[in-house]
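Let's take a walk through the aromatic rings of this protein. Have the structure open and follow along.

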Amino acid sequence: MNTTLKHWREAATLILTAGCQHLGVVPKISAPGPWHGQQQKTTFDYEVLLLQRSEKSGFMPSAFVFPGGLVEPSDFSNDWVKVFERHVQKPNFGLGVVKQPPDTRSPMFISDRMKFGSLIPGEVAFRICAIRETFEESGILLVVPENSSIEDNQKFMAAYDQNSETVAKWRGEVQGDPLKFIEMCKELRCVPNIWALHEWGNWLTPLFSKNTKARRYDTAFYICCLPRKPVTVDDQKEVITFKWWTPQEAIDQLQKKTWIPPPQLYDLSRLCNFTRHEELQRFALHRGLEGCERWMPVIVRAKDGMVHVLPGDKLYPEDPDVTGETAKVYSTDQTMEELAQDRERLHRLLTVDGVARFFVNTQPKYKHVNPRLTQSDSDKKVKSQL
């Protein structure tokens, strides 16, 4: 891991989807645009896992988030070389090389880990972190037999099917000491299924205030598609409950005052482009080596509120204050109503009548997709008032 970081810590999170037997009915999504209309009914044939953090959590208390957490030194331990011995001679242990030019690649991915004494590439270690944290928080263990092929592992792959007492025992061990994850893999003769995790995005915690010393994380987002929902058990520590929702069901929870942080909301809205799980899995697999942008939302003060803007938005600064050392304050003389009516270079999050809404009409990079939202009756009411 990178021990020289001053302003944030590295982390990894996992968008975990699973096929479901029942079909969640949602409004069919219309043509792209800042607002999306409502047409005939369609269905999602998969759900996504969201975990609710404890209200006592020091970071995003009570929020519904994807599983994930901080990178630990054990995720970069050279002991993983033995576990992955069949793959260590392949580029990034068989993950392949991302096509994105290095000069546009996020620092967390291009850092030379050998400078910190690790033989484990960042792309491998961050996936190990996401798999370990998912196991700790939900009990879902994403590993494969040590002699399995990469090609098989990239396909729909079920979670580890092992005696529950054995898994529960190891889960407790790993929660107490991340190094135990390596021991577990050696004893069970399995390997973290890093090949089933496809790169999805990279979010940097924004600066909320120059006077606020909030925790900040540089987080790699991955996606993994399972054919069916595995047994899920919260840890009653950091996680107090979990929900398997279709992407639209999760977004609809905002109407019920459920807190879903902007990165999770953004990516749930991206998932709304895919109602079929097989299509999502195929997209994630083929897009994974294209790369991604590191996005740090910038808070811009309007006349009567605040708006979160992302790269590409006309309000996004050319040279954003990433570290917070210059304590820049960004503002606009527009009102929230005017910002919602805007149509030029939008990549922003507005809160309208207490409900968060993304306004996006910029072209996504690296063959990714923009958020797509269905429009509820309350959306139509808001639009008519603007």
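What follows goes from ring pairs to a cluster, and then to charges over rings.

This is a predicted model, so to speak of local features we need pLDDT of at least 70, and side-chain atom pairs count only at pLDDT 80 or more, while totals for chains, interfaces and linings use all residues. Residues are numbered from 1 along each chain as its sequence is written, and side-chain values use heavy atoms, with hydrogens and water left out.

Searching the whole structure turns up 16 aromatic pairs. To pair, rings of Phe, Tyr and Trp (its six-membered ring) need centres within 6.5 Å; planes under 30 degrees apart are stacked, over 60 edge-to-face, and the rest tilted.

Start with Phe 84 and Trp 195, an edge-to-face pair at 6.0 Å centre to centre, with 65° between the planes. Phe 84 sits in the loop between helix H1 (80–83) and helix H2 (107–110), and Trp 195 in the loop between strand E6 (190–192) and strand E7 (198–204), 111 residues apart. Helices (H or I, at least four residues) and strands (E, at least two) are DSSP runs, numbered from the N terminus.

Trp 203 and Trp 295 are both buried.

Back to Phe 84 and Trp 195: they belong to one aromatic cluster with Trp 80, Phe 93, Phe 135 and Phe 181.

Finally, Arg 105 lies over the face of Phe 109, 4.2 Å from the ring centre; this calls for NZ of Lys or CZ of Arg within 6 Å of the ring centre and within 35 degrees of the ring normal.

Definitions and conventions
Buried < 20%, exposed > 50% of the residue type's maximum accessible area, 1.4 Å probe, protein only.
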